[in-house]
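Here is a short tour of one model, with a helix pair and a single side chain as its stops. Please keep the sequence and the 3D view open as you read.

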Amino acid sequence: MTMADSIEISGLDELAEDFRIVARKYPDRAGEELRKEAKELRKDVIAMVEKDTDEHLTKDGSKTKRSLTKASSYEISPVQGFNERQFVDISAKSPHFHLLENGHQLVSHKGRVIGFVPGYHFMDRARKDHAKKLPERMEKMVNNLLESENL
């Protein structure tokens, strides 16, 4: 999931234009903010996995080696793109994350479909939550940068 594809600033034309100015003039700062937001999104996903599942625990109650509740189980790409078209990708390293995220069929040992396990949609829920908070956070970052540069 890319941050560029999943978070949209709409109805805030002035803020969006300020962000474009900052991204063009200070691309490193814009990229730093993207990575910071990606880390916040990752924290929210981890919290949801801990709250909604017991996938991350072994039978004795300790965390598994490949737990989806560890930050190291998710990868945040380097910043890609230029100016206001910068983005980062967030992905889970776990080979079974997509099963929890999207749901899956239950199949018997004989290959018969015996049910369906609905997905938790951790990334989608976290993305929607962040989309609500992002304009305010970006406005604060833009204002601080513009103020520090006397713009």
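Within helix α3, the buried residues are A30, G31, E33, L34, E37, A38, L41, R42, V45, I46, M48 and V49. Do keep in mind that this is a predicted model.

Next, look at the partner helix. The axes of α3 (residues 27-52) and α5 (residues 122-148) come within 10 Å of each other and cross at roughly 145°. This crossing of α3 and α5 is right-handed. The residues that make the contact are set out below.

| Helix | Residues in the contact |
|---|---|
| α3 | R29, E33, E37, E40, L41, D44, V45, M48, V49 and D52 |
| α5 | F122, M123, R125, A126, R127, D129, H130, L134, R137, M138, M141 and L145 |

Sorted by class, the contact between α3 and α5 comprises 11 nonpolar, one polar and 10 charged residues.

Now for the single side chain. R24 belongs to helix α2, which covers residues 13-25. Leaving aside residues up to four places away in sequence, R24 touches E17, N83 and E84. R24 and F82 are 58 residues apart in sequence, yet their C-alpha atoms are 8.2 Å apart in space.

Technical notes
Residues numbered from 1 in each chain as written. Predicted model: local features only at pLDDT ≥ 70, side-chain atom pairs only at ≥ 80, totals over all residues. Heavy atoms only, no water. Axes fitted to C-alpha atoms, helices over the stretch in contact; angles between N-to-C directions. Helix = DSSP H or I, 4+ residues; strand = E, 2+ residues; numbered from the N terminus. Left-handed = near helix turned anticlockwise from the far one by under 90°. Contact = heavy atoms within 4.5 Å. Nonpolar A, V, L, I, M, F, W, Y, C, P; charged D, E, K, R; others polar. Buried < 20%, exposed > 50% of the residue type's maximum accessible area, 1.4 Å probe, protein only.
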